[in-house]
Every structure is written in C-alpha cells, then in structure tokens.
Amino acid sequence: MFNEEFQLDAPIRWGMVGGGRGSEIGYSHRAAAQRDRLFTFVAAALDLDAERGRDFGTKLGLAPERCYPDYKTLFTEEAKREDGIQAVSIATPNSTHYEIAKAALEAGLHVICEKPATIHVEDALELKALAEKQNKMLAVMYGYTGFQMVHQAREMVRRGDIGAVRVIQMSFAHGFHNTEIEKNSPGAKWRMNPEVSGPSFIIGDCGTHPFYMAGMITGLKVKSLMCSRQSFIESRAPLEDNAHVVFQFEGGAVGTLWASAINSGSMHQQKVRIVGEKASLEWWDEYPNQLRYEVQGEPVRILERGMGYLHNDDPGVSANRQGGGHAEGFFESWANLYHRYALAIDAYNRNDKAFLESHWYPDIDGGIDGVKMVNACVKSADNGAVWVDYD
Ligand code: NAI
C-alpha cells in the first residue's frame, strides 16, 4: 500500500514555465506535483501573455511578485532569493523546451520537461550533458508510465512470464482532430506549425507515449524503422495527422506503432501489446486498472490493480493508493511520477549515487529516444517509407 506519511526533510520549492490559464496540461502538473506534499508551488512564468500569467498565478495562490513575465526573469530573480525555486517544470510548446531547459539547468535547477523533450536530437544530447555537469535531475513527463499495471507488465516481462519478446504492438490513435479544429483552438494550432511543433505532429504528440512505455516494459532498443505518414487534413502538410511505423528491435523482435489524430470515434486507443513466446500482455490507457495476461492455450486473465498477486516494485511509489476495486487513473499515474521525481531530486541533493542507480523515473534518455524516433520516422516517411537505421 502506498505510504503517504513518507516525506522529505522539507518540500521541494517548485516553479512552472507554461501551463497557463486554459492550457491543456498545466493543471495536471500542479495537481500531481502537490499531491503528496513533496513539492510546494512558489513561483512561475505561466503564460506568454505576462499579465494573464500574473493574474492566473495569483489566483492559484502565488505571491504577485513571484509571477514573472518570462522564464529568464523567473530564473534570475528566484536565484537571488534564499527561498528561491529548486526545481521547475516546463509545460510550453515543443520548440521552446530546449532553450528553457538549458536556461533552467544553467541556473542550477532540477528540471521536469514535457515531451517531446526537444526538436533536434543534438539538443536533447546537449541537455543531458549539461544536467550531468550540473548534477541535476532532468526528467521527461511521460505521464502514463506511473500506472501500477504498467509496472506490473514490466516486471512480468523481466521475470520471464511471457518468454522472449517477439512482437510489440503500439498505438495512440484518437479522433479529436478528424476535422480542422486548429482553426478555433490555439492549443491545436501550434501543434500543426512545424516551427513550433517540430517536424512531426502526431508521432511526436502521441506516438512518443506508447513508444516510451514499450521500451520501459521490455527494455528493447530499436535497430531500424520504416514509417508512412499522411496529412488527411491537407492544410496540415507537411505535418502528419496519421502514421504507421514498423520497427525492428535489437535481438530479433519486431513491432508496429499507429499514431493518429483522425481515428474518428476513438477516445485514445493508447495500447501496448507485448507478445512473447509463451504469452502476451496488453495494457490500454482507457482501462488503466487492468492488465490482460494471455497464456497460449489458457483462458485470458485480467489482472486487477491493488491485488495481492501483483508484484510491487516499490511499495512507496508505484503502489496502489487505494484498495483494489476503487478506480485509479491519470492523476495517480502522474502523482506517482512526481513522487519519483521528488525522490530523485532529494538523492541528487544528497549526492546519493547508489539510490539514483536503482531508482527508476522517466529520464532524459527516454526523452532522447523519443526525439530520435520522431526524426527517424520523418526521414523514413519523407524518403518514400524506406527502412532507416535508428542510430
Ligand atoms: P497549450 O497550448 O495548451 O498551453 C501552453 C501554455 O504555455 C500556455 O499557457 C502558453 O501561454 C504558455 N507558454 C507558451 N510559451 C511560453 C513561454 N515561452 N513562457 C511561458 N509560457 C509559455 O499547450 P499544452 O497542450 O498544454 O502542451 C504543452 C506541452 O505539453 C507540449 O510540449 C505538449 O507536447 C505537452 N503535453 C504533454 C502531455 C502529456 O501527457 N505528458 C499532454 C499534453 C501536452
């Protein structure tokens, strides 16, 4: 059972860049970070519109003088305070992640960055090197990987319950952009602009999630891939709103990814199916409390969250916060991840390398992998859906 009494010596003083009023993902960060009282929200540059950001920040309880007009002022002014921020989350559009994360690390902050981590692979590699130099945590918000049943799948693969992995099927295919909604939605509009979104829309926006999750569950690395992408809403070209990717993994496994924003009628269809030589596992984010376990020749088993037969890889974190039967969801997954980030930050501050080596959280390596995958897909698709080497 989750231990809510566990606390650090003091909560981590935490700020945000982006995630302003009306943003899609700002509230999720604030709700998750503050859930276990491990982070205290004290300062921010929440919005491109400084006045709106200040008004929103004060209504979230920030002191007016700590609602800053932009991220540079946030980092400079907070560094002057004895009680200045120690960590920051970046929830701005994709093209800004690199410069903001770089400035945050240079200011000596721990960083939680939204995905895709950057647009260019070199930028993500540079951020990794900078974080190492500064001895700071650099995490990437792959928010679906805090679910207990995802960790259960990871452990089952690790202990050999399904045998060697042969096939990985991934999808994140929703229908929310089956018409040109970007005409009336600022959050959708920047996603269709290559200068802000990067060279891909839906592979980067959604495909990176199951891709990271499958890698986390199986530990397999991609060798090469082939991608076909389309813009069914023509005005989105060259960015795709639908893509199919075929993967070859090191060691012989193969896989597919369907990333789509035009899967009419679908809510998410974020699924990861791992086929092993003895059995298969399947997790679906619309039913996150369940994990399908299908052994060849036996009836299907639906494993339920919160039950004693599950492996519990860390009773303090990715455990059930509530007994089985009470549904947990998105916010619990995010809170589990923020809990892990807090423990990592604490370990960095104490220079506890042994803890960090055994402590899992979505780090910049996963971020680099996502950016690599997106860029390799674009290269493949734009050269006629050819096979390209991953590295
Ligand atoms: P959005 O367009 O809804 O909100 C962006 C917010 O950032 C706005 O408040 C805007 O004013 C602010 N902003 C933009 N540039 C800024 C800057 N330079 N300084 C300060 N504030 C700035 O965008 P959304 O959907 O919230 O996405 C933000 C990021 O989060 C994207 O990278 C996206 O890929 C990622 N995301 C991740 C999700 C996940 O599950 N991990 C889900 C949704 C989005």
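Into which domains is the protein divided? Domain 1 covers 12–143 + 358–362 and domain 2 covers 147–322 + 368–382, with bounds that come from an automatic or database domain assignment. This is a predicted model, where local features need pLDDT of at least 70 and side-chain atom pairs count only at pLDDT 80 or more, while totals for chains, interfaces and linings use all residues. Residues are numbered from 1 along each chain as its sequence is written.

**View 1. The whole protein and its two domains.** Let's start with the whole thing: twelve helices and 14 strands. Helices (H or I, at least four residues) and strands (E, at least two) are DSSP runs, numbered from the N terminus. The C-alpha trace spans about 65 × 50 × 40 Å along its principal axes. The C-alpha centres of domain 1 and domain 2 sit 26 Å apart. Where they meet, domain 1 puts in 15 residues and domain 2 puts in 16 residues; being in contact takes C-beta atoms, placed from the backbone, that lie within 7 Å.

**View 2. The open sheet of nine strands.** Read across, the order is β13-β12-β11-β10-β6-β9-β8-β7-β14, and the pairing is mixed. Two strands count as paired if DSSP finds at least two bridges between them. At the edges stand β13 (301–304) and β14 (388–389), each with a single partner strand, so one side of each has no neighbour in the sheet. Zoom in on β14 and you'll find β7 (residues 222–230) pairing with β14 in the antiparallel sense over two bridges. L225 stands opposite V388 in β14.

**View 3. Helices packed on the sheet.** Helix α9 (residues 202–218) lies across β6 (165–173), β8 (242–249), β9 (254–260) and β10 (271–276), and runs at about 150° to β6. Helix α12 (residues 364–382) also packs on the sheet, where α12 touches β7, β8 and β14, and its direction makes about 60° with that of β7. For these angles, axes are lines fitted to C-alpha atoms (for helices over the stretch in contact), and the values run from 0 to 180 degrees between N-to-C directions.

View 4. Is G215 buried or exposed? G215 is buried, with 21 other C-beta atoms within 10 Å. The cut-offs go like this: 20 or more other C-beta atoms within 10 Å of a residue's own make it buried, 12 or fewer make it exposed, and anything in between is partly exposed, with C-beta atoms placed from the backbone. Leaving out residues up to four places away in sequence, G215 touches L220 and D369. G366 is 151 residues from G215 along the chain, but their C-alpha atoms are separated by 8.6 Å.

**View 5. The buried face of helix α3.** In α3 (residues 71–79), the buried residues are Y71, L74, F75 and E78. Seen down the axis of α3, they fall within an arc of 90°, so they line one face of the helix; the arc is that of the directions from the helix axis to the C-beta atoms. Their cover includes β1 (12–18), β2 (39–45) and α4 (97–106).

How values were computed: Two residues are in contact if their C-beta atoms, placed from the backbone, lie within 7 Å.
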